[in-house]
Amino acid sequence: MKKLFIKTHGCQMNFYDSEKMADLLKPHGYQVDDSPEDADLIVINTCHIREKAVEKTYSELGRIRDQVNLRREKTGKKSIVAVAGCVAQAQGKEIMKRSPWVDIVVGPQSYQNLPELIAKVDPLTKNNHINIEFPTIPKFDHLKSLVNKRGPSAFLTIQEGCDKFCSFCVVPYTRGAEYSRPIKSILDEANELIDKGVKEITLLGQNVNAWNAEWKDNKVWGLGRLITELAKIKELEFIRYTTSHPLDMDLELIEAHRDVSKLMPYLHLPIQSGSDGILRSMNRKHNVKEYINVIEKVRNYNPKIAISGDFIIGFPGETDKDNQATIDLIKEIQYSQAYSFKYSIRPGTPAAISLNQVNESVKNSRLQEVQSILRDQQLEFNKNSINSSLKILVLRNGKKPNQYLGRSQYNQSVYFSSEEKNIIGSTININVTEAFQNSLTGNIVHI
Ligand code: SAH
Ligand code: SF4
Ligand code: F3S
């Protein structure tokens, strides 16, 4: 077997794509290895969402070049280097120019062509092979390769791309137009994952709740219907989905949070800002009131649901008053946990050319304030779990001896100790004893 090293940056969809690439390359003799040093094929799966993520790619490429050269000097063997993902899509030609030693550049919609591209790489001559097309036949139709072994929890991409064009965001350009994967192909993959021992599936999409597809009887299904159908798979115990858009939260999905016990009571619903003016310049197509109404409705159907979100701090034109509106909204919603980012200028997006860019130090202090409130809310949420019994899926070993890590229904990391062996993949109840910022600890409850 040849050694394949894959490094993944960015969102869960990239992690899913990396697993798919490994599945795809296995029949071609590539086995995943967790070290790049002696790898025959190195794939960097990149993210373009913020400038920092892009910088990471270029500095990583520098390190990889040194490693590849060293290997060639020592062993005479050539490592093939492929850059995949959203930076590949957005800056493919630039990567080839800046790092001409990179063999392959492949976009998120064309990595099904990797085996062919690899076959074209000549070990002696200089090669550059690039494929950043948005193919007319979606990649999923080509990804029928067998699923390799997975852990107890797996991702399943059901929707890709975005047509919403928020003015700060690169996703519509790197992932292309909104596309919903057909129902049969999703159900087939879910069943394959279950056959491999998977107990939890997280359905993925840039706007996962915009997913819709036609079934045999010509009826169009939305995400709520799909989740209801997936819940019928006996061995599947936990269903999650991410990321959702407020405008696509339909009644069927909200009802699923009341009716489908396998659907976890957790909703990641980004708003980005608590100011209507900023939401307008972001081209979000919804206002604060509409967002609050959606959350209230979801909470009416499932009062225990944990709410998460995303915020962009320092969007062009954001004033102190706008930032205060974001803080007020955060206080009103009470998040179980949420992500916040400093606005990052993305070339080619409408907001990048705004003349009202916010000063870096203002951005920093606003971000600190927002993050401190979100941290307090998260700790508070976690503390509320103390003395309660949570059903968790055991995911893997922890760092300490006999320690395990599981995930609660609210998406919290839960650590516990046990002498028992072979409990990874099982569902157990934990009595929570301590709560921290990012995790809980507790003891197994034997029923
Ligand atoms: N489709 C999802 C988000 C996908 S991108 C949605 O609409 O909510 C993931 C997150 O990255 C976004 O929610 C946003 O908070 C952040 N993000 C996207 N572009 C950004 C930029 N230019 N600067 C800072 N954060 C950004
Ligand atoms: Fe980006 Fe907006 Fe689409 Fe989300 S909805 S992926 S933020 S353009
Ligand atoms: Fe990044 Fe692409 Fe995901 S830009 S966040 S890897 S869709």
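Visitor: Is cysteine 86 buried or exposed?

Guide: Buried means under 20% relative accessible area, exposed over 50%, and partly exposed in between (1.4 Å probe, protein chains only). Cysteine 86 is buried because its relative accessibility is 9%. Cysteine 166, with a relative accessible area of 9%, is buried as well. This is a predicted model, in which local features need pLDDT of at least 70 and side-chain atom pairs count only at pLDDT 80 or more, while totals for chains, interfaces and linings use all residues. Residues are numbered from 1 along each chain as its sequence is written, chains are lettered from A and ligands numbered from 1 in the order in which they are written, and side-chain values use heavy atoms, leaving out hydrogens and water.

Visitor: How many disulfides are there?

Guide: A disulfide is a covalent bond between the sulfur atoms of two cysteines. With the criterion of a pair of cysteine sulfur atoms within 2.5 Å, the count is 0 disulfides.

Visitor: Which residues surround ligand 3?

Guide: A residue is near a molecule if one of its heavy atoms lies within 4 Å of it. Around ligand 3 are Cys11, Asn14, Thr46, Cys47, His48, Ile49, Cys86, Arg175 and Gln206.

Visitor: Where does glutamine 206 lie?

Guide: Glutamine 206 is in the loop between strand 10 (200-204) and strand 11 (212-214); strands are DSSP runs (E, at least two residues), numbered from the N terminus. Glutamine 206 is buried because its relative accessible area is 15%. Its side chain reaches the backbone nitrogen of glycine 161 at 3.0 Å.

Methods: Helix = DSSP H or I, 4+ residues; strand = E, 2+ residues; numbered from the N terminus. Polar contact = N/O pair within 3.5 Å; in protein donor to acceptor, adjacent residues only side chain to side chain.
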